[in-house]
Amino acid sequence: MKKPEICRYCGGVIRLVPASSVYGASVYRLGLEKESIYQCQNCNARVGCHKGTTKPLGNVANEALRLKRIETHRVFDSFWKARHMTRSNAYKWLSQQMRIPAKDTHIGGFEMDQCQEVIDLCTSADREGAA
Ligand SMILES: [Zn+2]
């Protein structure tokens with residue numbers, strides 16, 4: 001994923017900023033104190049980076065997409081925890097289901113349709129598991 005420079009929503013300039021400038025003191029709780037974020041200086045669309053790097057997880061997200069990514073994380077995390085899967089096995093499963101490389105399987109970089117696909121996959125796997 002190439003570094004975003006111009007915001008896809010508003011055309012504003014995207015800068016790489018420390019996570020603390022977005023999340024303030026919460027960076028410690030979130031474990032992001034060493035991480036960076038790409039942020040549109042005009043509309044605040046943003047995306048995180050692969051841990052310890054300045055490689056973006058995906059494209060910048062406006063508020064609607066950020067909320068969708070958070071919701072998707074919540075569904076996916078409770079899905080694999082309930083099944084006693086390891087985190088890495090869960091992501092392996094997800095990348096196979098979505099037919100995308102493991103290195104691109106980051107909910108923090110997904111688009112709306114990919115987020116919905118994750119939610120649908122978890123919901124239908126749960127339904128099959130219960131049958
Ligand atoms: Zn923008």
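Start with the three-stranded open sheet, ordered β1-β2-β3 with antiparallel pairing. Strands here are DSSP E runs of at least two residues, helices are H or I runs of at least four, and both are numbered from the N terminus; two strands pair if DSSP finds at least two bridges between them. You're looking at a predicted model, where local features need pLDDT of at least 70 and side-chain atom pairs count only at pLDDT 80 or more, while totals for chains, interfaces and linings use all residues. Numbering runs from 1 along each chain as its sequence is written.

Colour β1 (14-18) and β3 (46-48) next: these are the edge strands, each pairing on one side only. Neighbouring strands of the sheet are turned by 25° against each other on average, direction ignored (axes are lines fitted to C-alpha atoms, for helices over the stretch in contact, with angles from 0 to 180 degrees between N-to-C directions).

Now zoom in on the β1 and β2 pair, antiparallel over five bridges. Select Ile14 and you'll find Cys40 of β2 standing opposite.

Is it enclosed or open? Five of its five residues are buried, so the rest of the structure largely encloses it. Buried means 20 or more other C-beta atoms within 10 Å of a residue's own, exposed means 12 or fewer, and partly exposed is in between, with C-beta atoms placed from the backbone. In a regular strand, side chains alternate between the two faces of the sheet. Show Ser36, Tyr38 and Cys40 on one side of β2, then Ile37 and Gln39 on the other: they are all buried, and both faces are covered.

Move across to β3, which pairs with β2 in the antiparallel sense over three bridges. Gly48 in β3 is the bridge partner of Ile37. The β2-β3 hairpin has five residues between its strands, and there you can pick out Asn44, with a positive phi near 75°.

Click back on Ile37 and show what surrounds it. Leaving aside neighbours within four places in sequence, Ile37 is in contact with Val17, Ala19, Val22, Arg46, Gly48 and Cys49 (contact means C-beta atoms, placed from the backbone, within 7 Å).

Ser21 is in helix α1 (residues 19-23), and counts as exposed because it has 12 C-beta neighbours inside 10 Å. Draw a C-alpha to C-alpha distance from Ser21 to Ile37: 9.0 Å, for residues 16 apart in sequence. Then try Tyr28 in helix α2 (residues 26-30), exposed with 11 other C-beta atoms within 10 Å. Its C-alpha is 25 Å from that of Cys43, 15 residues away along the chain.

Finally, zoom out and colour domain 1 (1-60) and domain 2 (63-130), with bounds from an automatic or database domain assignment. Their centres, taken over C-alpha atoms, are 21 Å apart. Six residues from domain 1 and four residues from domain 2 make the contact.

Definitions and conventions: Two residues are in contact if their C-beta atoms, placed from the backbone, lie within 7 Å.
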